[in-house]
Amino acid sequence: MGYLNHNQGYREGLLETRSVIKKDNYAVITPDGLVNNVVPGFEDCDITILGTPRLGARFVDYLVTLKNQGGNKQGFGGNGIQTFIYVVYGKINAYADGKQYQLTEGGYLYVPADLEITFENNNNGEDSRVFLYKKRYQPLEGHKPEVVSNNVNEMKQEAYEGMEEVLVQDLLPKDIAYDMNIHILSFKPGASHGYIETHVQEHGAYVLSGRGMYNLDNEWQPVDKGDYIFMGAYAPQATYAVGLDEPFAYIYSKDANRDIE
Ligand code: UGY
Ligand code: MN
């Protein structure tokens, strides 16, 4: 391509983005601006670090495209850090506590903080993509989370807060041993939250399908499949789905079951 002519880039929209960063408050990060990061332990992967403490989060999210037999075979998490992996597309093998998990699209694995996870692509030479999460675990005496694996395509969707047009899946048990949960919220076209949430919990969300308008701290942001949204503690938040063809759905983390330190 050679050097980018800035005037030309401006004319063609190359130097415009929907990404918005309001540190410690909220962020929308769109696919056009993603860059590859080098993270020790990840081989033959394109990896992008998304939400981090530098943005105001107490967790770290990553988007990882695994090529060939790429993955992390050294070990990720453990030593106080719990991890969660979700297959956006493709097929991977993941390992924890001496067991193998074959994960296809919608498949996931949660690994508690005393164990490491390893994983590799297993998609007949095609790429796979995963949404990856880690967070330091806040222990609770007398309670211990377990390894959890399932596939959202085999799980029921429940009405969210009594609304049939908004469906939720809880990917982890609602058990006080866990200091967070991962959910998928799916809004049928035209559906919305029932109110603007304002809560202490943080979210890192990855949009799996459709599009929506998102009220983030009372600023309306368009969001689309492939976008990442960070919602910091207390950031007012609500959305409605736009378009007629598919639901607006995102996977997101939410801290839970602990007092504030
Ligand atoms: O669980 C939640 O707090 C969720 N309803 N938040 C959100 O969708 N922004
Ligand atoms: Mn929320």
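Predicted model: local features only at pLDDT ≥ 70, side-chain atom pairs only at ≥ 80, totals over all residues.

Biologist: Okay, which residues surround ligand 1?
Modeller: The shell is made up of Tyr160, Leu185, His193, Glu197, His199, His203, Tyr214, Met231, Gln237, Tyr250, Tyr252 and Lys254.

Biologist: How does that shell divide into nonpolar, polar and charged?
Modeller: You get 6 nonpolar, 4 polar and 2 charged residues around ligand 1.

Biologist: And which strand gives the most to it?
Modeller: That's β20, covering residues 248-255, and it puts 3 residues into the shell.

Biologist: Let's talk polar contacts. What does histidine 199 do with the ligand?
Modeller: One of the polar side-chain atoms of histidine 199 is 3.1 Å from an oxygen atom of ligand 1. Histidine 203 also has a polar side-chain atom 3.1 Å from a ligand oxygen.

Biologist: What about glutamine 237, how far is its side chain from a nitrogen atom of the ligand?
Modeller: There, an N or O atom of the glutamine 237 side chain lies 2.7 Å from a nitrogen of ligand 1.

Biologist: How much of the ligand's accessible area does the protein cover?
Modeller: On its own ligand 1 has 270 Å² of accessible area, and the protein covers 97% of that.

Biologist: Switching to cavities: how many of 30 Å³ or more turn up in the whole structure?
Modeller: The search finds 1. The largest cavity holds about 60 Å³ of space, and ligand 1 sits in it.

Notes:
Residues numbered from 1 in each chain as written. Chains lettered and ligands numbered in written order. Heavy atoms only, no water. Near = heavy atom within 4 Å. Polar contact = N/O pair within 3.5 Å; in protein donor to acceptor, adjacent residues only side chain to side chain. Areas by Shrake-Rupley, 256 points an atom, 1.4 Å probe, with all protein chains shown as cover. 1 Å grid on protein atoms, 1.4 Å probe; cavity = no way out; pocket = protein on both sides within 12 Å on 5 of 7 lines; lining within 4 Å. Sits in = over half its atoms within 2 Å of the grid points. Helix = DSSP H or I, 4+ residues; strand = E, 2+ residues; numbered from the N terminus. Nonpolar A, V, L, I, M, F, W, Y, C, P; charged D, E, K, R; others polar. Points joined across faces, edges and corners; volume = space filled by probe spheres on them.
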